[in-house]
Amino acid sequence: MAAASTETFDICVIGGGATGAGCALDGQLRGLHTILLDAVDFASAASSASTKLVHGGVRYLEQAVKGLNLEEYRMVKNALRERRYMLANAPHLAHASHFLVPVYSWRKAFYYLVGMKMYDAVAGKGNLFPSSFLSCKETLQRMPGLSATGLRGAVSYSDGQFDDARYDLALVDSFVEAGGTAMNYARVTAFERATNGALSGALVRDVVSGREFLVRARKFVNATGTGADKIRKLANPHLADRMRPSKGVHLLFPAETFPGKDALLVPHTEDERVIFAVPWQGRLLVGTTDDEVSPATRMVVQKNEANYLLRQLNPYLKIPLRPDQVVSGLAGLRPLVAVQHHTETSRLIRDHEVELDRASGLISILGGKWTTHRLMAEDTIDKAQRELSGAVSPCKTKDHPLSGAAGYNDGFARELEKEYALPADLAHHLAGKFGTQARRIVRLAQEMPEWKARVAAALPVIRAEIIYCVRYEMAETIEDLLARRTGVQMISWRAALEAAPSVGNLLAREKGWDAQTRDAAVAEYSRKIRSYLQELGLNES
Ligand SMILES: Cc1cc2nc3c(=O)[nH]c(=O)nc-3n(C[C@H](O)[C@H](O)[C@H](O)COP(=O)(O)OP(=O)(O)OC[C@H]3O[C@@H](n4cnc5c(N)ncnc54)[C@H](O)[C@@H]3O)c2cc1C
């Protein structure tokens, strides 16, 4: 707060999702004095509600080929190149996976195999594993939950999977390690201008204390996702809307409901899209939907959306999933950019655009996807540097290991387990969420043995992890801790309810809250989680 309100920055990045955190890191690494502001928490919007795929998008490649759309082809190619950087820069948070597309006719088997071979070819040197055809027997061995009726086999291809919320936090952490200033719960509400009309300051409301302050910078970058039009209009009320948000939801089920390590791609939905069922951190993640946002849109998973997902997936399963098996869910808004000639949001190209408003100097980075966040940031900071000094310096993020990646290898969880005599599940959890930074959490637990206790009986999340995230990762609320920092809310809404009181206690201890403030925070969070359960007709136990 002191730095934010007194210093003059080269760049002020507004929005701490994937795009903004990527921009901030890129700017700071190029030597630009950068500040990153988010109105809520880092990764609290779309950037923690994704399907968690680091991918070019096989569906987008199909659309590009069928529609002879060069723009869409270029987008897939760029994303496949970015996939490699994303996996290499944070191996604790992202990994390569096999995806299977089940086929029920030889014609389709041929079609998908040719398609996936093209996908491999577009990835070029960055391809993860070669795609191949699997016989019916091989398919059922690898995916025993698949229905065998009429099955000819499957086409296997490769893509990446990642922990989106933690990846965002690792970008923020890396930015701070590089000397940047980051603030969450800091909402930009207005701009100040120089006499020539160019933006010179952003009025910021510290949502926690209610205080207002001015952040001075030479250039402002708007990376607010679906909020982009609001910031654009604060800068220049004459600008027309560009964003066309679409809602997408996911459901999570126990992993046992669909055993196996590989992810399933359901190639046809009733609205001509694809959906995924992917093993993810001991769960099965099923999604997503794609619905244009209307004034009536609510940011919760609704019954009709859950029913839609089950209706698309269940015909492919030996034992259909039931709504009462849902353990948690996610809802998010895609920051799509409007294109005149397309009517459905599912047809909008997931490409990005860097927009400069000449009147105010505001640079807005619009659209894109998680997988291309680094490239989006590179394009944005190139533009900002060109505007600031005319000279563009080399981007350094292609091979910049993120926080927790230095010294990490596949055997790190085992190393941690042995070095500190940890239970295997705890070592695995800490290594997968924090990489080599996990050592700092274990050391906290050694200093204060009562912090070795778990916050929910069935989950490997210990009190020391909560303390670490409050002290070093700017967690301000129970939701920051349970939804994004530790992932408990994703794994189970019920476990999140169980953990809320002890997490509330630890947060209150670190923040110096009184009992009333603590109890109100626990009650508010618990109410929210109960409402998610109620929405889907699920009970609390
Ligand atoms: C259902 C779904 C599935 C997806 N699946 C994938 C996938 O598998 N792979 C993939 O690559 N992409 C995927 N995406 C796309 C990807 O998640 C998004 O493109 C990406 O997260 C957008 O990041 P962002 O930073 O631009 O926006 P956001 O994550 O929305 O962040 C914008 C931030 O701006 C902040 N903000 C807003 N207004 C202000 C203000 N006034 N002051 C300060 N801060 C402000 C918000 O608090 C927010 O944190 C998916 C998206 C959805 C919704």
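## The largest cavity

The largest cavity has a volume of about 110 Å³. Of its 14 lining residues, N89, L171, H373, R374 and T397 are the closest to its centre. A cavity here is a set of points, on a 1 Å grid over the protein atoms alone, where a 1.4 Å probe fits but cannot get out, and lining residues have an atom within 4 Å of a point. Grid points are joined across faces, edges and corners, and the volume is the space filled by probe spheres set on them.

Helix 4 (70-89) is among the helices that supply at least two lining residues each, and its four residues make the largest share. Helices are DSSP runs of H or I with at least four residues, numbered from the N terminus.

## How the model is read

This is a predicted model, in which local features need pLDDT of at least 70 and side-chain atom pairs count only at pLDDT 80 or more, while totals for chains, interfaces and linings use all residues. Residues are numbered from 1 along each chain as its sequence is written, and side-chain values use heavy atoms, leaving out hydrogens and water.

## The second largest cavity

About 60 Å³ of space lies in the second largest cavity. Helix 7 gives the most to its lining, with four residues. Among the lining residues are H92, D173 and K433.

## A look at D229

Where does D229 lie? D229 is in helix 8, which covers residues 228-235.

Notes:
On a 1 Å grid over the protein atoms alone, a cavity is a set of points where a 1.4 Å probe fits but cannot get out, and a pocket is an open set with protein on both sides within 12 Å along at least five of seven lines; lining residues have an atom within 4 Å of a point.
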